Amino acid sequence: MEWGMANRLAQMIPSDGRCLFMPIDHGYFQGPTRRLEEPGKTIAPIMPYADAVFVTRGVLRAALPPDSSKPIILRVSGGTSMVGADLANEGITTDIEEVIRLNASAMGLSIFIGTAYEKESLLNLSRLVNDGEKYGIPVMAVTAVGRELEKRDARYLSLCCRIAAELGARIVKTYWCEDFDKVVKGCPVPVVMAGGPKTKTELDVFRFVHDGIQKGAIGVNLGRNIWQNEHPVAMIKAIRAIIHDDATPEKAQEIYDSTKNG
Ligand code: 5RP
């Protein structure tokens, strides 16, 4: 691997090989998502505990301080909305010069496998990889399911992750599912887990993050279950302990409770 590519990946993934990426990109198709109405205010208290931030160029310019050294994963796909005809019909929303100008450490885009726009989104990924590899910028592929959350099973997610890796993604973001080890084993590049919609309890999140890490994920790209929680700092500290300190779900719950009450 070229030095530049290796250096950017090392900025985002600390030396233990694990990572906590913080996505606040939801507005690019959902608008002002609950608790992300003012992204600068949402991110400020939790940013110190994230290894990288996943963000669009608009939110980067408007809400993140340019003197920060926090690695940026730039969301570079979009062009659709919750109220439009089809969330899968995304294009690439920026170009490689902008990514370099913004000093991003990586680029992220969604792929929509099994939809009418499968081919477009996979060719978007391929084009992005072509540009990224030229300049040493890694691509994180997001295996998106749109509104069809029930698609999140090992068979479908293994297919998506493997295809993303085959097309050149350096990291793949997917969902945790039952038999998650099948997803990780079939994917020759590192896998990170998204959180999805907010779960009923904190322990539910700690359990699936812990299980996913045990089964080979290198970390998370997990947003709503942190910043939509009543106590986002307690939540991110607890999840960070699972990822970087091998905390059990029960230990993470203790960290959450003591931080929240402390
Ligand atoms: C939104 C995304 C998010 O980055 C991803 O879904 C992770 O966020 P959450 O944990 O809230 O699901 O790709 O389009």
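The model described here is a predicted one, and in it R75 belongs to strand β3, which covers residues 72–75. When its neighbours within four places in sequence are left aside, R75 is in contact with D25, Y28, F54, V55, T56 and G108. A further residue, T94, stands 19 residues from R75 in sequence, and the C-alpha atoms of R75 and T94 are 9.1 Å apart in space.

Two helices, α11 (residues 232–245) and α12 (residues 249–261), pack with their axes 8 Å apart and at an angle of about 150 degrees. Since angles over 145 degrees count as roughly antiparallel, α11 and α12 are therefore roughly antiparallel to each other. The crossing in which α11 passes α12 is right-handed. On the α11 side, the residues that take part in this packing are V233, A234, M235, K237, A238, I239, A241 and I242, and they meet K251, A252, I255, Y256, T259 and K260 of α12. Sorted by class, this contact of α11 with α12 comprises 10 nonpolar, 1 polar and 3 charged residues.

How values were computed: Residues are numbered from 1 along each chain as its sequence is written. This is a predicted model: local features need pLDDT of at least 70, side-chain atom pairs count only at pLDDT 80 or more; totals for chains, interfaces and linings use all residues. Helices (H or I, at least four residues) and strands (E, at least two) are DSSP runs, numbered from the N terminus. Two residues are in contact if their C-beta atoms, placed from the backbone, lie within 7 Å. Axes are lines fitted to C-alpha atoms, for helices over the stretch in contact, and angles run from 0 to 180 degrees between N-to-C directions. Angles under 35 degrees count as roughly parallel, over 145 as roughly antiparallel, 65 to 115 as roughly perpendicular and the rest as oblique. A crossing is left-handed if the near helix is turned anticlockwise from the far one by less than a right angle, and right-handed if clockwise. Ala, Val, Leu, Ile, Met, Phe, Trp, Tyr, Cys and Pro count as nonpolar, Asp, Glu, Lys and Arg as charged, and the others, Gly among them, as polar.
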